[in-house]
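Please keep the model open while reading.

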Amino acid sequence: MPSRVFAERILRFMQGKGYEPRRMEDLADALGIGEEEQGDFHSACRALMRTGRVVLGSGSALMLPAPPAKLTGSFRANPRGFGFVIPENPNSHGDLYVPAEATAGAMTGDRVLASVQKRGKRRGAMLYEGRILTIIERGQSRFVGELRNDFDRWFVVPDGRTLHGPILVSDPGAKNAASGDQVVVEITEYPTEKREARGVIVKVLGERGQPDVDTLSIIEQYQLPQDFSEEVMSEAHEIVATYEPEREAESREDLTKQTIITIDPVDARDFDDAISLTSNDDGTVELGVHIADVAHFVREGGPLDAEARERANSIYLPRTVIPMLPEVLSNGICSLQERQPRLTKSAFITYDRQGRVQKARFANSIILNTKRLTYEQATAVLDGNGGRISAKVVALLKGMEKLAKAIQARRQKEGMLTLDLPDSELVYDEDGRAIDVVRADTSYSHTIIEMFMVEANEAVARLMNEKKVPCLRRIHDEPEDLADGSLHRFVRAMGLDIPEKPVRFDLQKLLAGVRGRPESFAVNLAVLRSMEQAEYSPMLIGHYALASQHYCHFTSPIRRYPDLAVHRLFDLHVRGELAKAKSQAAVPTMEELVELGTHCSGNERRAESAERELKLVLTLRLLEHHMGDELDGTVTGVANIGLFVQLDRYLIEGALRFDALPDDWWHVETEVGAVVGERSGTRIRIGDRLKVVVARINIPGRRIDLALVGSLPQSQRKGHDPKLGKSKKGKRSGKASGPSRRKVGKRAAPRRQRKR
């Protein structure tokens, strides 16, 4: 592994909360550096020290440097005016707090140069704050929002949380825009402390509030790709025109006589994974996971490949899909449609009766999908309601269920974590407006497919490791919050307990212990928030939540470019050309994979954010028709503004501000997830149940304000838990995000809170 890749891993580890300076050999042990990797690891450490990104402390311990007098980084604004600079070069302090009067008009996403000043110590640690000196590069110049006219002033109220003030426009008539239209505006003058932003309208999307307009707004806001170029479509159509499955079958393993099925959502349009199962005389079973052979059609280096790489993934918005590949491929010859000959890449994994892997083999194949099932149909069959489903498909499903349960039991013994967090789906009328929210289906048929996909992904990653071929892995690092004790303190505050530094099995026990109980949602959410975010990287870190040492994405090449990249290595192995490709440097280097992983991870997060925000907007529009409805909810967070409450009915989070609570001085104890009334002794903590109503909805700001129904429940008026200690009157205690006082109607000073 080249030193550059090691450097990234070292810096990421040192940035973790609770990192303590370590000697080089101790750092290597903590990172799990193997004997054969020691040379590259030491080279990376020396390179980081030469460039000043890592320094030697007392006892020759490695540590991040103190913040410099000036630093460059990305700015993240808070709606209350202040913000933070995330440094490009990590330092021992981390993100730099910038007070509202020192932001110099910087907006979220801007690249800035900031000066750094000391502002005293807290608990022995030096505190710093910054002042923006220069905005080096603006992160965003186009915004989406509603055009309004008040007192003969035309302005756009931007959507989202990047720009928190209006954008003045002078000539809306140039684009035939009318008040109430949703528009795209280009900034010509950025806002300052004394002047509002100014811009010009470059596109009119339509009347605000229409479902299609909301979708277009999110596409523009996140700068999502739309139509494919003529060059890309020309290549795609040529591929379809020259496709001859009979000719391709000659060089592939013929599986067309086997019973093979797909199980997908009812509204799925592309099918990229299919399943077969074969019983052996010795009691073992062979699972076949057959994945659409996209790599056969999308040749590396062409216009189609370049576009797929740039997009990195398909984007699944409510009622809209922005595909990674043109639909003539993704919904056509690449999709494993029923009774159609399709080219696949197959992983055959043999299991014993306990679901343990005995061996695996791999092949290029051709299949005929015997039956396309929805999850609901598969569940009905497993429940004994097969209807007209053929006996051989029913038998296959029963065998799949039995094997999946054995695999699941084995993986749980190995430490796999399974969170129980409900998801929702919107229900639409014929005009595309959201009219209801329902719980997403969580029947066991979903788990069957999930287990098989995980096993196939793991088998291919093991293959690449055995062949010593660098590949783009799906990694999930060990959570930092487990090491610093914050999850332990939160769980203890709820009357539960785990070790101060829990391991996976402690988390399993915790999650199992709250299953079905009122506090289940809050605990599962806290565990999720303690986790790192999975990403794409060639680093040998493993996947923490899956308890997997080697893991990659192989099973969805129609919608994920990392899978397509893995398929190309898979193909070299099947054709016996992998060793030759390695010797001729025809496989990607670690540096190339790091770059690709960063790109794909970033695009994945953009897609997830866009999907989440559009779903939120549509739900907010639905809630506009339910103002005043009494709703049950669970407290999911605390902050200086008040409480965050997740509504059971709509699975959406709203703010219950302090001015909506009974009059009191409220102490905020973020370390244990609670607020405490100083006069009344009322204690409200994460996981508590409340009755609320929707008081205000701010669609541009993506916010809901809630109001309490009646008085607080009796269980929340028992006073402060003496085991947790009590803040002294008029003082804050704990960390920077620790207890503070808040009087209803009084404005609290902005302080940095834990990222939500």
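**Salt bridges and cysteines**

R361 is partly exposed, at 35% relative accessibility (buried is under 20% relative accessible area, exposed over 50%, partly exposed in between; 1.4 Å probe, protein chains only). This is a predicted model: local features need pLDDT of at least 70, side-chain atom pairs count only at pLDDT 80 or more, and totals for chains, interfaces and linings use all residues. Residues are numbered from 1 along each chain as its sequence is written, and side-chain values use heavy atoms, with hydrogens and water left out.

**Salt bridges**
- The whole structure holds 47 salt bridges (a side-chain nitrogen of Lys or Arg within 4 Å of a carboxyl oxygen of Asp or Glu).
- E253 pairs with R361 in a salt bridge, with the closest N and O atoms 3.1 Å apart.
- That pair links distant parts of the chain: E253 is in strand β13 (residues 253-254) and R361 in strand β20 (residues 357-368), 108 residues apart (strands are DSSP runs of E, at least two residues, numbered from the N terminus).
- E253 is partly exposed, at 27%.
- D110 and R138 form another salt bridge, at 2.7 Å between the closest N and O atoms.
- D110 is buried at 0% relative accessibility, while R138 is partly exposed at 24%.
- A network of salt bridges links E146, R148, D159, R208, E613 and R702.

**Cysteines**
- The whole structure has zero disulfides (a pair of cysteine sulfur atoms within 2.5 Å).
- For C471, the nearest cysteine sulfur is that of C552, 5.3 Å away.
- C471 is buried, at 2% relative accessibility.
- C600 is in no disulfide; the nearest cysteine sulfur, that of C471, is 13 Å away.
- C600 is buried too, with a relative accessible area of 1%.

How values were computed: Helix = DSSP H or I, 4+ residues; strand = E, 2+ residues; numbered from the N terminus.
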